[in-house]
Amino acid sequence: MSLTCVVPNSIWYAQQPLRFGPISITTRMTVIRLRDGSLWVHSPISPTPELVDGLRSLGTVRYVVAPNKSHHLFFPAFLNAHPEAQGFIAAGLELKPPDLGRFQRIPRDPPWTCEIQGFFIEGLPILNETVWFHVDTGTLILADLLFCFAESNRVIAALVSKLLGVYGRLGMSRTMKLAVKDKRALAMSVLPLLALPVKRVIVAHDQIVEEQPAEKLKEAFAWLR
């Protein structure tokens, strides 16, 4: 798995295929180079030799974040491949194997907060997701709060994304909407995101949104009004 540049000298990503029965999708790891030259990694994927070498060519991995209760599958293996890094997990992951309880929960004021701001999403405990905003590049980074599936997806993935309401658009899936426990709390959590000077939205699954990202972000959460 190779790294693709999003913002020169600042942001890269790598993708890995995942299969759920007949459905094949990709998941995305996002990498940000901090001002001191070290790397911050969001939603790590399998640490293949190619990926590990690629990261080492960019800098030293310093922080690794499992941003919600679903994006942890490759977290321990990735940290084993980068023993110099600190791992941070979403609330609730400490209850999941393998031994995720030994890692720190994402704190309210993490050590990278002056460069990457965190916004915890209330009202959706199935995820307990923290969304991140990279100040220097105007990049908003999400895991499962929103999806954006391209119209070029194959038949089954296209059909599923249509049923979920995220085909060809940035949006929250219908199943995720059904999982909301407190709509008002979710709406209040989202408000600060809508006020950010967003230049792009990076989601874990499928497309990066760079055309009219702020407008599309507002449309994605319009159902909360």
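Q: Which residues of the largest nonpolar core touch the most other members?
A: A nonpolar core is a set of buried Ala, Val, Leu, Ile, Met, Phe, Trp, Tyr and Cys residues joined through side-chain atoms within 4.5 Å. Buried means under 20% relative accessible area, exposed over 50%, and partly exposed in between, with a 1.4 Å probe and protein chains only. Here the largest core has 28 residues, and Leu140, Leu145, Leu146 and Leu170 touch the most other members. One caveat on what you're looking at: this is a predicted model, where local features need pLDDT of at least 70 and side-chain atom pairs count only at pLDDT 80 or more, while totals for chains, interfaces and linings use all residues. Residues are numbered from 1 along each chain as its sequence is written, and side-chain values use heavy atoms, with hydrogens and water left out.

Q: Which elements each supply at least two residues of this core?
A: Elements come from DSSP runs numbered from the N terminus: helices are H or I with at least four residues, strands are E with at least two. E9, helix H5 (183–194) and helix H6 (213–220) each supply at least two core residues. H5 gives the largest share, three residues. There's another core apart from this one, with 22 residues, among them Val64, Phe78, Ile89 and Phe103.

Q: What does Leu145 touch, not counting residues up to four places away in sequence?
A: Contact means heavy atoms within 4.5 Å. With those neighbours set aside, Leu145 touches Ile121, Leu124, Leu127, Glu129, Val131, Met172 and Phe221. Val131 also turns up in strand pairing: this E9 residue is the bridge partner of Phe119.

Q: In what order do the strands of the open five-stranded sheet run?
A: Strands of a sheet pair through backbone hydrogen bonds, either parallel or antiparallel. For the bookkeeping, two strands pair if DSSP finds at least two bridges between them. The order in this sheet is E8-E9-E10-E13-E14, with mixed pairing. Its edge strands are E8 (116–120) and E14 (208–209), each of which pairs on one side only. E8 and E9 (residues 130–134) are antiparallel, with five bridges. For a parallel case, look at E4 (residues 39–42) and E5, joined by four bridges. Leu39 has Val61 of E5 as its bridge partner. E5 (residues 61–66) is mostly covered, with five of its six residues buried.

Q: How many aromatic pairs are there?
A: Rings of Phe, Tyr and Trp (its six-membered ring) pair if their centres lie within 6.5 Å; planes under 30 degrees apart count as stacked, over 60 as edge-to-face and the rest as tilted. By this rule there are seven pairs. Take Phe75 and Phe103: the ring centres are 4.9 Å apart and the planes sit at 85°, so the pair is edge-to-face. Phe75 is in helix H2 (residues 75–81) and Phe103 in the loop between strand E6 (86–89) and strand E7 (104–105), so the pair ties together parts 28 residues apart in sequence. Both Phe75 and Phe103 are buried. Trp40, Tyr63, Phe88, Trp112 and Trp132 form one aromatic cluster.

Q: Is Gln16 buried or exposed?
A: Gln16, in strand E2 (residues 11–20), has 10% relative accessibility, so it counts as buried. Its side chain reaches the backbone nitrogen of Ser46 at 2.8 Å. Beyond four places in sequence, Gln16 is in contact with residues including Met1, Ile25, Thr27 and Phe74.

Q: How far apart are Thr27 and Ala204 in sequence and in space?
A: They are 177 residues apart in sequence and 5.3 Å apart in space, C-alpha to C-alpha. Thr27 sits in strand E3 (residues 23–33) and is buried at 5% relative accessibility. Among the residues Thr27 touches, beyond four places in sequence, are Gln16, Ile45, His71, Ala204 and His205.

Q: Which non-glycine residue has a phi near 85°?
A: Most residues other than glycine have a negative phi, and most peptide bonds are trans. Asp206 is the one with phi near 85°, in the loop between strand E13 (200–202) and E14. Gln212 also has a positive phi, about 50°, and lies in the loop between E14 and H6. Asp206 is buried, with a relative accessible area of 11%, whereas Gln212 counts as exposed at 54% relative accessibility.

Notes. Polar contact = N/O pair within 3.5 Å; in protein donor to acceptor, adjacent residues only side chain to side chain.
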